[in-house]
Amino acid sequence: MGKLSYPILLVNLTVMGTSQSSQRLPVHVSSRNAFEAYLYDLFMCYMAAIVLYLIVYEPFAKLTNNLLKGKVLSRRPKMEHRSKKQLPEAVKLLKKT
C-alpha cells in the first residue's frame, strides 16, 4: 500500500478530471451521487496506480538498484587488492606536507 502512494498522487487529478468531464448529462447533487463518484474515483485511482507501478516504477527501481550495485561491486575488488601496508596517494601527499 505504501508503494502505491506516489503513483496515486500522480494519477489522482487525471482520474478525477476524466470522470467529471465524461458526464453527458447534468447530475443533481445528492449524497448518493457524491458517494458513488467517490467510490468510482477511488477504484479508478488504485487501478491506474497499480498499472503505473507495475509498468514504470518497479522496473526503473530494479534497473537503478542494479546499476548502483554494479558500481559499488566494481570498486570493491580494487580496494581488496591493495595491501594494508600500502597507503593511498592522498595520505602520502598529506604526510609530505
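This is a short walk through one predicted protein model, from its overall fold to a few residue pairs.

Okay, hi everyone. Some ground rules: local features need pLDDT of at least 70, side-chain atom pairs count only at pLDDT 80 or more, and totals for chains, interfaces and linings use all residues. Residues are numbered from 1 along each chain as its sequence is written, and side-chain values use heavy atoms, with hydrogens and water left out.

So, the overall picture. The protein chain has 3 helices and 0 strands, running α-α-α from the N terminus. Helices (H or I, at least four residues) and strands (E, at least two) are DSSP runs, numbered from the N terminus.

Next, the surface. The chain exposes about 8,800 Å², with carbon and sulfur atoms supplying 66% of that. Accessible areas come from the Shrake-Rupley method with a 1.4 Å probe, and for residues only the protein chains shown count as cover. How much of the chain is buried? Of its 97 residues, 10% are buried. Buried means under 20% relative accessible area, exposed means over 50%, and partly exposed is in between (1.4 Å probe, protein chains only).

There's a nonpolar patch out there too, about 960 Å², and its members include Phe43, Met47, Ile50 and Leu67. For patches, you take residues with over 30% relative accessible area and no salt bridge, then join like charges within 9 Å, or nonpolar side chains (Val, Leu, Ile, Met, Phe, Trp, Tyr) within 5 Å. Ile50 sits in helix 2, which covers residues 31-81, and counts as partly exposed because its relative accessibility is 33%.

Now let's look at contacts. Which residue does Glu36 form a salt bridge with? The partner is Arg32, and the closest N and O atoms are 3.1 Å apart. A salt bridge here is a side-chain nitrogen of Lys or Arg within 4 Å of a carboxyl oxygen of Asp or Glu, and by that rule the count comes to 1. Side chains of opposite charge can pair when their charged atoms come close. Both residues lie in helix 2, 4 residues apart, so about one turn of the helix. Arg32 is exposed because its relative accessibility is 60%, while Glu36 is partly exposed at 39%.

Two polar contacts to finish. The side chains of Ser19 and Asp41 are joined by one of 2.9 Å. A polar contact is a pair of N or O atoms within 3.5 Å; within protein, one must be able to donate a hydrogen and the other to accept it, and residues adjacent in sequence count only if both atoms are side-chain atoms. Is Ser19 buried or exposed? Ser19 counts as buried because its relative accessibility is 10%. The other contact joins the side chains of Glu58 and Tyr53, at 2.6 Å.
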